[in-house]
Amino acid sequence: MNTDERKLIEACLNHRPDAQIALYQRYNKAMFNSALRILGNRQEAEDVMQEAFITAFARLGTFDGKAPFGSWLKKIVVNKSIDALRRNRSGIFDDIDLITNYPDNDKQDEYDVVYQITPEKINDIMKEMKESYRLILSLHLIEGYPHDQIAELLGMSYANVRTRYSRARKLLADNIRQYVTLALLN
């Protein structure tokens, strides 16, 4: 943690609103994007981000500085996002998998496909996926959580997380290929 950030945190601990605003401005976009990737809804992401900052400021005294402040804050955002999913959408973690059998066709290199579309389009494709798949993909690929931590966060078994991640990744690749194929035909 750099000196400037340490001073901001100390000022926040002294209940200085200007320091809280500065810390909020430093991290709000990244935390909003993390919540949005998990929730898939701008309003919910905004609400969760605000709630996470309130919690972070209330618990700032427990921040030990061993990890970067942004990592500590992101953990709060991710946990609150997962809680919001559970609260608002019961059943997304049910063991109902609509997509089971994937054909073992000759795969074209997935990396070639990805280069043909924008990150924004990939995000749009992910938004259309089953929420539990999108959540696990976001947590692992974008937020960098390992499978064992995802399992703990979601209250699932490690094997279930790995299976869902594998299926979600395959589904995402298939949907990207389908998008590219349709785009090339038009």
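Okay, let's start with a definition: a residue is buried when its relative accessible area is under 20%, exposed when that is over 50%, and partly exposed in between, using a 1.4 Å probe and protein chains only. With that in hand, 40% of the 186 residues of this chain count as buried.

A word on the source. This is a predicted model, so to speak of local features we need pLDDT of at least 70, and side-chain atom pairs count only at pLDDT 80 or more, while totals for chains, interfaces and linings use all residues. Residues are numbered from 1 along each chain as its sequence is written, and side-chain values use heavy atoms, with hydrogens and water left out.

We have nine helices and zero strands, where helices (H or I, at least four residues) and strands (E, at least two) are DSSP runs numbered from the N terminus. Reading along the sequence you get α-α-α-α-α-α-α-α-α. Now contacts, meaning heavy atoms within 4.5 Å. Take the ones between residues at least 6 apart in sequence: 67% of them join residues at least 24 apart.

Next, the inside. I'm calling a nonpolar core a set of buried Ala, Val, Leu, Ile, Met, Phe, Trp, Tyr and Cys residues joined through side-chain atoms within 4.5 Å. The largest one has 52 residues, and the members that touch the most others are Phe69, Met129 and Leu139. Which elements give two or more residues to this core? They are α1 (3-13), α2 (17-39), α3 (42-58), α4 (69-88), α6 (119-127), α7 (131-142), α8 (147-154) and α9 (158-185). If you zoom in on Leu139, and skip residues up to four places away in sequence, you'll find that Leu139 touches Ile38, Val78, Ile82, Gly144, Tyr145 and Ile150.

Tyr145 comes up again in the second largest pocket, whose lining is Lys75, Asn79, Tyr145, Gln149, Glu152 and Leu153. The pocket search runs on a 1 Å grid over the protein atoms alone: a pocket is an open set of points where a 1.4 Å probe fits, with protein on both sides within 12 Å along at least five of seven lines, and lining residues have an atom within 4 Å of a point. There is about 170 Å³ of space in there, the volume being the space filled by probe spheres set on the points, with grid points joined across faces, edges and corners. Both α4 and α8 supply at least two lining residues, and the largest share, three residues, comes from α8. By class we get two nonpolar, two polar and two charged residues; here Ala, Val, Leu, Ile, Met, Phe, Trp, Tyr, Cys and Pro count as nonpolar, Asp, Glu, Lys and Arg as charged, and the others, Gly among them, as polar.

On to salt bridges, meaning a side-chain nitrogen of Lys or Arg within 4 Å of a carboxyl oxygen of Asp or Glu. How many turn up in the whole structure? Seven. One of them joins Asp4 and Arg26, with the closest N and O atoms 2.5 Å apart. That pair links distant parts of the chain, Asp4 being in helix α1 and Arg26 in helix α2, 22 residues apart. Asp4 is partly exposed at 42% relative accessibility, and so is Arg26 at 36%.

Then look at Glu143. Its side chain meets that of Arg37 in a salt bridge, 2.8 Å from N to O. Arg37 lies in helix α2 and Glu143 in the loop between α7 and α8, so this pair ties together parts that are 106 residues apart in sequence. Glu143 also forms a salt bridge with Lys74, the closest N and O atoms being 2.9 Å apart. Lys74 is in helix α4, so here the parts tied together are 69 residues apart in sequence. And is Glu143 buried or exposed? Buried, at 9% relative accessibility, whereas Arg37 is partly exposed at 23% and Lys74 is partly exposed at 23%.

Two last stops. His15, in the loop between α1 and α2, has a positive phi of about 60 degrees although it is not a glycine. His15 counts as exposed, at 65% relative accessibility. Finally, Ser166 in helix α9 is partly exposed, with a relative accessible area of 45%. Ser166 and Leu137 are 29 residues apart in sequence and 9.1 Å apart in space, C-alpha to C-alpha.
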